[in-house]
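Q: I should like to learn how to read a structure of this kind. Please take me through it one feature at a time.

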Amino acid sequence: MNDDTFDDDSVADATFEAAELTSGDKDELNNAPQASLSGRAETDAAQALVTHLADKYPRHTGEAKTAKGYPQIKRKSGFETAIAAFLAELLQAYGDDIRGGWIRCSLKKAEFTGKPVTQRQFQNVRDTWLAAGLVETVKGYPGKLAFGNPGPSHGRMTRYKATVRLIDLCASHGVTPDNVTAHFHVDYQMPSELVQLTSPFEPTPKNAKANRLREEVAELNAFIAQHPISHPTIRHIGWVRKFHLSNHPDFKWNKGGRLYAQPTARKVNYQSVPEATRLDMRIDGARVAEIDLGSSYLSIFYAWNDQQLDLDDDAYADILGPTKLDRDVAKFWINASFGNSGLIKKWSKNLKQQLENKLVEGPVALPFDPQAYPLKVVREKVLKRHPLLERWGGPIRGRVRDYGDLMFAESEIIIGSMQALMREHGVPSLPVHDSLIVPRTKVKLAMNVLTEQYRRTTGMLPRLDVSDPWDF
């Protein structure tokens, strides 16, 4: 179960709409994954850490928040089980830029049925750690209870995040967010909703279109489950498909639509790790390669304007200069503009941070000085290479397009290719938004399928780039 409904009767009137929360904060909170509370210690170091936490911060009782000993060994054992479960997922979430390190936890008794942690055990750990400053929280809120209630249409579970104090304490025992998967095991669960509406977050309707989309995702999940994915740290249990801008007047299940791998914890999610890491995966024991839709958004934009993007030239190289940083800045400005209602005109604080984060993700962290790349100059040079971009923000084929339209076209190409590989050839594949991972023996087949699906969707041909570390 993964429905984000309020179920914490200890919360009074706190909501995600609190004045002190920025839009970025709310995005992080809304993206917080639901904890399965199934983590367990796998190493001596992890067990020693759990025992230390139980001894140093024993469960407190009553309003006085006084700690008592454990009259029964069974009670301490249960407390330690809950500590391991909570801690494992707090550490895995920590440092996640998209979700801000937050997780959400259900307090419905039904959610704890058949699980190693009881509702009471989790509440004991939560209350103790909140009092000790080991976790921070943003309280949830209820949705409408009746007609005429002025509250929101649906509620939110309370969010939790590890504090620096807890991270430091864990590090003193040799357990960190970076190595947590080596010390703790988590039995992950799929969300109950396979098709989700985000930006804004809304419940997915129960209608014919949504049901068909659910069936398509379920079919892909059932197929990939038949093909073991092996890797020392990566875990995969399925996908959910997320659509965006559902409140847009043009929305007809045609904005967003990418598949997002589960679980979402960054260290175990193949879409979140570096390319070199995910290319160490095996599918059915076979080595893999990754096929990328080169300049994906830009090529789709060209196709919307009935033009073919040059397949031979790098669309971003040598626009601003010969260096990798020059290329990265040009690419970032183009894609950031696609995420905006028009071409970007200034380096905002948020944009600079996004670009710096992308530069750090590479093998070598590159410095970025906005003054070295005045946006007036960037714009002029990019438009000299790609004058078609002047049309972004205006009507294209009868209406103004946005990032959701670009993402949807891309998702249709990727998902259509996955379905063709599955249904017609029995070949498994793993999407990484604008690329597909396939067994390396199936690269040529997958490239043909991607090319045909791209042609059907856009009327043009794609540039396909293959990353194959085993191609010597």
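A: Helix H13 is followed by Gly 426, whose phi is positive, near 65 degrees. Helices (H or I, at least four residues) and strands (E, at least two) are DSSP runs, numbered from the N terminus. This is a predicted model: local features need pLDDT of at least 70, side-chain atom pairs count only at pLDDT 80 or more, and totals for chains, interfaces and linings use all residues. Residues are numbered from 1 along each chain as its sequence is written, and side-chain values use heavy atoms, leaving out hydrogens and water.

Q: What is the mean pLDDT of the protein chain?

A: The term pLDDT is the predictor's confidence in each residue, from 0 to 100. For the protein chain the mean is 87, and 86% of the residues reach 70 or more. Over residues 5-19 the pLDDT is below 50, and this stretch has 42 contacts in the model beyond near neighbours in sequence; contact means heavy atoms within 4.5 Å. Residues 145-149 also have pLDDT below 50, with one contact beyond near neighbours in sequence. Where pLDDT is low, the predicted coordinates should not be read in detail.

Q: How many helices and strands does the protein chain have?

A: The protein chain has 14 helices and 18 strands. Of its 472 residues, 50% are buried. Buried means under 20% relative accessible area, exposed means over 50%, and partly exposed lies in between (1.4 Å probe, protein chains only). Among contacts between residues at least 6 apart in sequence, 72% join residues at least 24 apart.

Q: What span should helix H13 have, and how far apart are its end C-alpha atoms?

A: The expected span of a helix is 1.5 Å times one less than its number of residues. Helix H13 covers residues 403-425, and its 23 residues should span 33 Å; the end C-alpha atoms are 32 Å apart, which agrees. Because 18 of the 23 residues of H13 are buried, the helix is largely enclosed by the rest of the structure.

Q: Which residue caps the N-terminal end of H13?

A: Asp 402 does so, with a side-chain oxygen 2.9 Å from the backbone nitrogen of Gly 404. A polar contact is a pair of N or O atoms within 3.5 Å; within protein, one must be able to donate a hydrogen and the other to accept it, and residues adjacent in sequence count only if both atoms are side-chain atoms.

Q: Which residues have the most contacts inside the largest nonpolar core?

A: In soluble globular proteins, nonpolar side chains tend to be buried together. A nonpolar core is a set of buried Ala, Val, Leu, Ile, Met, Phe, Trp, Tyr and Cys residues joined through side-chain atoms within 4.5 Å. The largest one here has 87 residues, and those with the most contacts inside it are Trp 239, Tyr 270, Leu 298, Phe 301, Phe 338, Trp 347 and Leu 389. Helix H13 gives the most to this core, with 11 residues. Apart from it lies another core, of 43 residues, including Leu 49 and Leu 134.

Q: Is Arg 258 buried or exposed?

A: Arg 258 counts as buried, at 16% relative accessibility. This residue is found in strand S11 (residues 256-262). A polar contact of 2.8 Å joins its side chain to that of Glu 410. Beyond four places in sequence, the residues in contact with Arg 258 include Arg 241, Tyr 297 and Met 407. Arg 258 and Arg 241 are 17 residues apart in sequence, yet 5.6 Å apart in space, C-alpha to C-alpha.

Q: What polar contacts does the side chain of Ser 38 make?

A: Ser 38 lies in the loop between helix H1 (23-30) and strand S1 (40-41), and it is buried, with a relative accessible area of 10%. Its side chain makes a polar contact of 2.8 Å with the side chain of Ser 36. A polar atom of the Ser 38 side chain also lies 2.7 Å from the backbone oxygen of Asp 187.

Q: Where is His 183?

A: His 183 lies in helix H6 (residues 180-183) and counts as buried at 14% relative accessibility. A polar contact of 2.7 Å joins the side chains of His 183 and Thr 43.

Q: Which peptide bond is cis?

A: The bond from Gln 262 to Pro 263 is cis, with omega near 0 degrees. Pro 263 sits in the loop between S11 and helix H8 (275-278).
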